[in-house]
Structure formats: C-alpha cells, structure tokens
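Try each task before reading its solution.

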Amino acid sequence: MPVTDVVLEDDSVGPYDRLSSSQVNTYRSCKRMWFYEKVLKLKILQIPVLYVGRAVEEAICRTLKESPSLMLKTASELTLSNIPIDTNGKPSRDSSAKWPANRIIPLPIEKRPTSIGELENWALARLEIHLPTALENARKDWARQERKSGDWSEVKYDYCLEMCLNGIRFHLDEVNLCYNTVDDATLTDWRQGKRDHWPAPDGYGYHLVGKHSLSVDGPVTIAEAWEIARPWFVEPESENFSMNAIHPDYWFQGEYDIVYRWDGNIKIVDIKASKGIGDRSGDYVEQLRMYAMLWWATHEKKETIDDLEIWYLGANVKKTVSTPSINEMSKMESELNQLYIDIKVEKPSIENCPATPMPLRGFSEGGVSTTAPVDMVRCDRCDWQSICSGGSGEEYSLVDNEFYIPGLVSQINTVDIKDLNVRFNLEVVIDSINYPEEKPPEMKVSQSNNLARVDFLSSKSQEGKPTYPQLLTKGQNIFLKNVILTSNFKGELTIKVDPLAEILVSGEGLEFQSLLDFRARWNIAGMLAYKYERKGIGRTGREWHRKGMVILNENNSIKVSGWANDWGHQYEMAEEGSYVLLANIELDAWANQIKGQIGRNSRAHLLR
C-alpha cells in the first residue's frame, strides 16, 4: 500500500500542515534556515538542476509505465496518456472508466524483445521520445519562477539522457533477476490477471478481466519479466502530491519514488539525478530511513521494508542504505511526532530557531561518506546569509511604526505584518448566480445594498471538502467563512474563495463583519529578504514587466509585487538586508500567505 486514501472526517491535520522528510532534514541542518523557508515562506533560488531532476525522473517513469509487448519503440509518447483521474487527482477506480492499454492490440510475440539487450534498445528509444518533452516542461516551469537563477542553456541533453539510461539499466537488473528467479506462483498470478490494490502504473487500471492480454504460455519470457518486475511509482498523469503515503495519525507524509515488490520483498528506491557529492547525501539516507518508518506505520506495524536504495544516476551508482530495526523505527516515530508538535502544532518564533547550523558532512561520488570539508561552513552556501546573523546579516532591529518621509508633510504610521488582515466572515444574499459547465459558479452577492463579486480560486478546501454547496439560488441567504476581501482595478469589491475559505448555508458559531469594514490601503515596513522580477509577452503581443520584493520582520513576511513602473527609483537602491517602507499598498492572500500589491499611488522608500 504505497498510497494512503485520506478519510476526511479523521484527518485533523490537513495536507498543508503535515511533517515531511525534507522539513525534518532542513530543521536538523539549521533551525534558522527552516524558519526562513517554512515559517516565513522565503523561496530559495530556483536553479535549473532542481528541475532537471524532475524531468529525468519523469522520463524514466513514463518509460517504465510502457510495455514492449504493447508498443513499438517508435509509438507516440501519448499512447498511454489520458487515463481516468478522480476528483482527488488519483487514477480513478470507477469500473466504467476507460483505460488506454485496454484499447491497444498486443504486439505479435515475434515482435517482442527476447533479451535484456533488446529490452535496453527499446527502452532507450522510449527515453529519447519522453525526455525532450519532460525537459521542455521542466524548462517552462523553471522559467515561470520568480526567483529563477542560472542559465537553462547549460542543461546538457546528452548527460540527462545518460542519467535516464543509467536508471533504466538499474531497473533491467531487476528484470533480469525476475527472469531468472520468478517462481511459478508469481508467474501464474500475473498471467491470470491478479493485481495489487495499488498496481504499478501500466495503462491498464486496477482490475483485469480474465487472463492478462500480454501473457504467453510456457516458461517466463523476458518481455513478461519486464511486466512482472515493474515497480510501483507515482502515476505520471496524477495530480501533484495526490499519491502520498500518510501516517495513520496524519501528521507525517512522504511520496516514494519507486517501490519494488514483485518477489514479496519490499524495496524502496530514491532516484537522484546527481553524483551524490556533498552534504545533501546525508539527507537522502535519513529520508529513506524515514520512509521505512512510514511504510511500517502505514501497514499496521506488521510489515517492514527489506531493502533501501539510492540511485545516483549521475555517478551510475546504486547505494544501499541499512534498513532500521523495529526498535529504531519506533524511536524515530516518537521523535518525529514530538518534532511535529514542536514546530507544526505550535508555530515557533525566530528566537526558538537559532542561527547555529550543524557542521557540513562529507560525501564523495556515489554518496560515499568521506572527510567533512574543513574550509567551509554551512552558512557559506546558504541563500539567507545576507539577512541572517549566522552569515553576514544582523538580527532584525526595526521597532518604529511612525515615519517621516522626505516630500511628505504628515507622518506615515505602519501596521505590523502579523496584524494585516484581508479575511472576513460575511453574511450575504446571492444577488445573481450562474453555473458554467464543469466550473465553479459565477456569483455576485449583496449586503445592505453593497455588491461584491465572488471569485472561486479553489473548488476544494484544505481538508479536501468542496468550498461551496451545490444548488445555490438567487435570493438565498448564505454565509462566507474566512473569505478574502479585496478590490479590483475598478475599485469593485471582490470576495475570493481559496482553500482556507468556505461558503456555508448555516452561520452558526460565526461572528460576522460588514463589507464596509474592508480597508483598501495599508502601510508596512520591514527588512528586504530579496527582490525578484518577471517579464513576458501578453496575449495582445505587448511586453509586460513586474517587480516584487519579500519583506519580513522577526516572525512574519509578506510578498509585495507590482508593475515595474510603479515601484520608483528606490527599488533599485534597496539590497537584501535593507529596511524599507511600503506605503499605500493593497492586500491579497492565498492560503496562509498574505500578499501585497504596489500601485500608481503607492510608494516604496528605503529607510536604511
């Protein structure tokens, strides 16, 4: 069971507040770094290598999903796409759903590979079809990032293809083992169409009727071994983060890269598109050990992992990680649960997260432990050294909330970032409503003759429930819980419904505000964490250019953006670690993150 189906009624944590191995490793490496990234939501520089790894893994998984008994090596990359997806983003269990592999006639036996070499040639051809698309999608994703850094032209296709092929060759080792050792019971079960509750993605869905269409008679063939040995991995067509394994008490989650289980032994593999050099290799080991605990916990503590492996595709090395004992996993579970309570249930302050990182660890190619570097400390390569007292920065020291700015007669009073608020509970009447096909409703509401448009940013809440009830009607009295209230460029009130908001037909237990309580403009001050900008060509063919900055105080942050011309000259003068004042800005939000908007009447001023 590599995937957990969440029971919404039992989940008191929600997908945004669970602990993960990456958070654990970040916190253990440096509590202050964790605070910046997970509490203040600062985003590290997005370099191409972060996205290349995803593309390499995607190309490998799409190749693993395909079958040399079903597809020629020149088949379209879309042959097994468009699988049925349910409302939770997972492959649908609807028995009437159509699966692509069922619509394809298997290849004649004589056209199927008969050796590992032929399988490798077929897989290489499939990689050469999938990798360009995966890399292009990764490039587009990288290009959309506000904090992108580096040069995508430095990404080498041949090196990426080599890493993909290394991964496929590692898998072919498993196929060869299956071919030589598979027992009669396993072979018979596969030929009869028996499948796991979460089968390995292959385009066939959850259930087969009768004999497997790719099976043959007699001894196992190498093409059948490819099918039998196929590991579980995240279905490439599923929605992001929809196929996580989640602790029974919902406080920890993870997503396995690859799980082998064809021979009754469970092996979890973590794919890394790297050589395994440097400190992060220590994190990868700890991640796999946490995954072993997660598997044990999600299998009623009756099933343990047999093997753990890291595939360093850049070094062409498989690294074996020792599996933790039951006593070790029990202790790990207890410690991680306490960590969850300490850093997720109660949000810590910056004082509880000192800038005292642990020393760097040393690893050579292939993730081999070696002597730690003596001429470098963790702060030397940290994205936050310019704003952190552990690097070249200083602790936050701005205490004023009254400022006199040159050119202005009156003083500017600022609001602390933690006191900014755009969320309201509102009792309103539906003024008009329309239901477009397969879309959220288009709706306007009124309150004491004041009108507002409702904009549905999400159809599901953070608990996975619908954010609005069905069959709402004009004139109906409804209750808007925790909605975002803003104004558009025309000054019209807009109510936004995101995953933290909800529309109810009963307002019991809520305290309501008035639409007139909305505040359009705010003044804030704080330290500049970083600046960013984005450019592009709009639908009309005109160029657009936006700039932004993230500013923070001791325990809160806000992202503020606007058109480049609206920022003024002091934007260019401000540097990371500077103190800035932003006057007359508008507010918006998404989930737990407050956002600001600079306009023509706003002002950015460098304090010091």
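Predicted model: local features only at pLDDT ≥ 70, side-chain atom pairs only at ≥ 80, totals over all residues.

**Exercise 1.** Are W198 and Y206 buried or exposed?

Residues are numbered from 1 along each chain as its sequence is written, and side-chain values use heavy atoms, leaving out hydrogens and water.

*Solution.* Step one: buried means under 20% relative accessible area, exposed over 50%, and partly exposed in between (1.4 Å probe, protein chains only). Step two: W198 is buried, and Y206 is buried too.

**Exercise 2.** Describe the surroundings of S29.

*Solution.* Start with its place: S29 belongs to helix α1 (residues 21-29); helices are DSSP runs of H or I with at least four residues, numbered from the N terminus. Next, burial: S29 counts as buried because its relative accessibility is 3%. Then look for partners: leaving aside residues up to four places away in sequence, S29 touches D283, P357, M358, R361 and R378, where contact means heavy atoms within 4.5 Å.

**Exercise 3.** Check whether the length of helix α3 (residues 48-65) agrees with its residue count.

*Solution.* The expected span is 1.5 Å times one less than the number of residues. For the 18 residues of α3 that gives 26 Å, and the end C-alpha atoms lie 26 Å apart, so the two agree.

How values were computed
Helix = DSSP H or I, 4+ residues; strand = E, 2+ residues; numbered from the N terminus.
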